[in-house]
Amino acid sequence: MSSTTTQTDRRSPLGSRDRVKTAIAAGVGTSVENYDFISYGTAAALYFGVVFFPAEDPLVRNLLAFSTLAVGFLMRPLGGAIGGYLGDRFGRKPVLVGAMIVMGAATFVIGLLPTYDQIGLAAPIILTVIRMVQGLAFGAEWGGAITMAYEHAPWHRRGMFAAIPQSGNPLGIALASAMFAWSSTLEGDWQWRTPFLFSSVLVIVALVVRSRLSESPEFQEAQAQGRTAKNPLLKTLREDWRSILRVIALRVVESFAYYSTATYLLNYLSERDPSLRPVALGAITAASIVAIGMTFLMGSLTDRIGRKPIYVGACIAAIAFAFPMYLLTNDGVPALVVAVFIVGIGVIHASLTGVQGSLLTEQFQTATRTSGASLGYQLAAAIGGFAPLLATALVGVFGWPGASILYMVAGVIGLVGILATRETFGRAERERVRALVDAAR
């Protein structure tokens, strides 16, 4: 086969032969990564305050537990920088496999940790270190998964294909929530240990699937033509820093939308009425199942009407939902609790994540795509990881309206970010791409 034919195959507007397999494999891995990372957030909200930080004041206990949650988020930008550099320099696939191994090992070890009552202060210290490792691995994973799905996809369906690994986010969340709902029926420490230990099964499955992937066709072409950057991270920081800032703004609203709901609101309701804990966990599971389909739907819709309109609408919805989410749940009515989680996670958050796969990726060129998207995404995640901690502190001062204001501010930041971002798949671009696809058929 000639080099010309090879390059045509690599960059066909119809996508690569492995486009479906790659998107599904990326989604499977992303679901496991999210299962592992979200399990920690759920355990921090429900168990770790008592198990690892036995302070007498519940507020202090929760602040300490959520501080370790935030530490993992602080490590994600470093993980994103490392993963992005390696992905743009040496290929997307090795990063996906390596991040999965590290994440799975860290999560499994958490399930084996001795508690504060068993080894004292060493327990929360070890927990914090492992959480840092989790943050590194999770930060490294996202950019590679999204760029692989995006770069293998047909050009006129990149929004849909990039939404497939994004749909892995709520799938992992649903698995984690369902596992914690089931393990809450167990005795003692098995309530929180079991979900972490079960992760090893999911990791093995994901590793088998991801190990069979082919490398990104766009990366292969860039590598063959000598267009890869010697230091993609520095190149991105020097030339695309404005795009990184836009990605941060776009990502902050999504990150706060999730962690203010699934982590902080879960903790808030459980503290007010412990009997609501199973209802809230079940609601998160149901909302995450709804979000799987909604994420895919929103990604697909961007291929028809563009990326920007959906993101604008989702940011406005987040702003409008900030106060009703607490007004509807403060009385502890189970049906309203379920409805709030479904709207917050299954609709608003899913609409944002469904667009992000393509929108954030399209802010950067092939040579620096993984570095730029990963760094901006994970820097915003580091900020969003403080949402439960900030909400806890604000509620301690202002009551529940403090958490609502925090959520609303995140929505405003996201709205400003998307209004300042150019449309990457507007009508003219859609028509141009459609013509290329028709000509290639």
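Helix H6 (residues 122-152) contributes the most to a nonpolar surface patch, with 4 residues. Helices here are DSSP runs of H or I with at least four residues, numbered from the N terminus. The structure is a predicted model, in which local features need pLDDT of at least 70, side-chain atom pairs count only at pLDDT 80 or more, and totals for chains, interfaces and linings use all residues. Residues are numbered from 1 along each chain as its sequence is written, and side-chain values use heavy atoms, with hydrogens and water left out.

The patch is formed by Val 102, Tyr 116, Leu 121, Ile 125, Val 129, Met 132 and Val 133. Together they have about 570 Å² of accessible area. Such areas come from the Shrake-Rupley method with a 1.4 Å probe, and for residues only the protein chains shown count as cover. Patches are made of residues with over 30% relative accessible area and no salt bridge; like charges are joined within 9 Å, and nonpolar side chains (Val, Leu, Ile, Met, Phe, Trp, Tyr) within 5 Å. Val 133 lies in helix H6. This residue counts as partly exposed because its relative accessibility is 31%. Buried means under 20% relative accessible area, exposed over 50%, and partly exposed in between (1.4 Å probe, protein chains only).

Two packed helices are described by the angle between their axes and the distance between the axes. Axes are lines fitted to C-alpha atoms, for helices over the stretch in contact, and angles run from 0 to 180 degrees between N-to-C directions. Helix H7 (residues 158-183) packs against helix H12 (residues 277-305) at an angle of about 180°, with the axes 8 Å apart. H7 is therefore roughly antiparallel to H12. Angles under 35 degrees count as roughly parallel, over 145 as roughly antiparallel, 65 to 115 as roughly perpendicular and the rest as oblique. The contact of H7 with H12 involves 16 nonpolar, 10 polar and 2 charged residues. For this count, Ala, Val, Leu, Ile, Met, Phe, Trp, Tyr, Cys and Pro are nonpolar, Asp, Glu, Lys and Arg are charged, and the others, Gly among them, are polar. Helix H12 also holds Ala 286. Ala 286 is partly exposed, at 30% relative accessible area.

Side chains of opposite charge can pair when their charged atoms come close. The whole structure contains 12 salt bridges. In each, a side-chain nitrogen of Lys or Arg lies within 4 Å of a carboxyl oxygen of Asp or Glu. Glu 151 pairs with Arg 92, with the closest N and O atoms 2.8 Å apart. Glu 151 is in helix H6 and Arg 92 in helix H4 (residues 92-110), so the pair ties together parts 59 residues apart in sequence. Glu 151 is buried, at 3% relative accessibility. Arg 92 is buried too, at 0%. Asp 88, Arg 92, Glu 151 and Arg 369 are linked in a network of salt bridges.

Lys 235 and Glu 239 form a salt bridge, with the closest N and O atoms 3.1 Å apart. Both residues lie in helix H10 (residues 232-239), 4 residues apart, about one turn of the helix. Lys 235 is partly exposed at 27%, and Glu 239 is partly exposed at 45%. Glu 429 and Arg 432 also form a salt bridge, with a closest N and O separation of 2.8 Å. They lie in helix H19 (residues 427-440), 3 residues apart, about one turn of the helix.

How values were computed. Helix = DSSP H or I, 4+ residues; strand = E, 2+ residues; numbered from the N terminus.
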